Amino acid sequence: ICAVGIVFSVLAGVLFVKLSFADIQSIVFGFDGKINSDGIAYPWKLKEKSGDADVKIISDTGEKVVHLRSNHSSFSLERKVNLDIKNYPYVTWRWKALKLPPHGDVRHSKTNDQVLQLLVAFEGRKILSYVWDSNAPEGTVADESIAWPVSLKVKVLTLKSGSSDAGKWLTVTRNVYDDYRKLFNEDPPHVKGIRIQTNSQHTESIGEGYVGKIVFSKNLAVAR
């Protein structure tokens, strides 16, 4: 049952209750759904790019989180969404890195491995990717766009670098609306999908970590 736009009609008492995006302060994309044969919570889907995926949903401090381990591999969990980022500009999530690909570095294609990534896909084939990199300094911006015939524009922003906080849950909040405008020089269209990814195939190494629920919020107070 969709929580948005629900209309309950009780004819005996003529009671109407309506919920709309205007009433909802935050939208949560978690991992509480039914587990499928891949070990993934519905409606998330597993996408394997290289090697075999090692992924499972576990409970941590009362929350369902996803555990990812890449061994010379690259894979992701993704799901479709339909979200007006103008109304929900803030995104908040928790992540914890256990093991980083030692030589991973988003600045070079031959070492472009990251333990954890959160990608936000927009209409018009544009993607904003937030990464925890092994060596690139925090604030590094990389362009991973793919030319025609794929015609995909991808901007990558390094939010965390190195292993100094490995083993700790870190909470991240970003203004996706502002990040998109700064990196693509235009107002953002609707968000059509989100993806959690890990990869270590380029450096033939291992990456391991956890990611918690992803929450889009109307304002910073709600996000925190």
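P43 sits in the loop that runs between strand 3 (26-29) and strand 4, and the peptide bond that joins Y42 to P43 is cis, with an omega of about 5°. The model that shows this is a predicted one, and its mean pLDDT is 90, with 89% of the residues reaching 70 or more. Over residues 1-19, however, the pLDDT is below 50, although this stretch has 21 contacts in the model beyond near neighbours in sequence. Where pLDDT is low, predicted coordinates should not be read in detail.

**Overall make-up**

- The secondary structure of the protein consists of two helices and 15 strands, and 48% of its 224 residues count as buried.
- Of the contacts between residues at least 6 apart in sequence, 71% join residues that are at least 24 apart.
- The protein exposes about 11,600 Å², and carbon and sulfur atoms supply 51% of that area.

**The largest pocket**

- The largest pocket holds about 870 Å³ of space, and its lining is made up of 36 residues, with E78, L119, I127, R195 and Q197 lying nearest its centre.
- By residue type, the lining of this pocket divides into 13 nonpolar, 11 polar and 12 charged residues.
- Strand 4 (45-50), strand 7 (74-83), strand 9 (114-122), strand 10 (126-133), strand 12 (153-161) and strand 14 (191-199) each contribute at least two residues to the lining.

**Strands 4 and 7: K49 and F75**

- K49 belongs to strand 4 and F75 to strand 7; once its neighbours within four places in sequence are left aside, K49 is in contact with S74 and F75.
- The C-alpha atoms of K49 and Q201 are separated by 9.7 Å, although the two residues are 152 residues apart along the chain.
- F75 and A53, which are 22 residues apart in sequence, are 6.0 Å apart in space when taken from C-alpha to C-alpha.

**A buried aspartate in a loop**

- D105 is found in the loop between strand 8 (90-99) and strand 9, and it counts as buried because its relative accessibility of 7% is under 20%.
- Leaving aside its neighbours within four places in sequence, D105 is in contact with T111, N112, D113, Q114, D133, N135 and A136.

**Backbone features in the loops**

- A cis peptide bond also leads from W148 to P149, with omega near 10°, and P149 has its place in the loop between strand 11 (141-143) and strand 12.
- S151 lies in the loop between strand 11 and strand 12 as well, and it has a positive phi of about 50° although it is not a glycine.

Conventions
Residues are numbered from 1 along each chain as its sequence is written. This is a predicted model: local features need pLDDT of at least 70, side-chain atom pairs count only at pLDDT 80 or more; totals for chains, interfaces and linings use all residues. Side-chain values use heavy atoms; hydrogens and water are left out. Helices (H or I, at least four residues) and strands (E, at least two) are DSSP runs, numbered from the N terminus. Buried means under 20% relative accessible area, exposed over 50%, partly exposed in between (1.4 Å probe, protein chains only). Contact means heavy atoms within 4.5 Å. Accessible areas come from the Shrake-Rupley method with a 1.4 Å probe; for residues, only the protein chains shown count as cover. On a 1 Å grid over the protein atoms alone, a cavity is a set of points where a 1.4 Å probe fits but cannot get out, and a pocket is an open set with protein on both sides within 12 Å along at least five of seven lines; lining residues have an atom within 4 Å of a point. Grid points are joined across faces, edges and corners, and a volume is the space filled by probe spheres set on the points. Ala, Val, Leu, Ile, Met, Phe, Trp, Tyr, Cys and Pro count as nonpolar, Asp, Glu, Lys and Arg as charged, and the others, Gly among them, as polar. pLDDT is the predictor's confidence in each residue, from 0 to 100.
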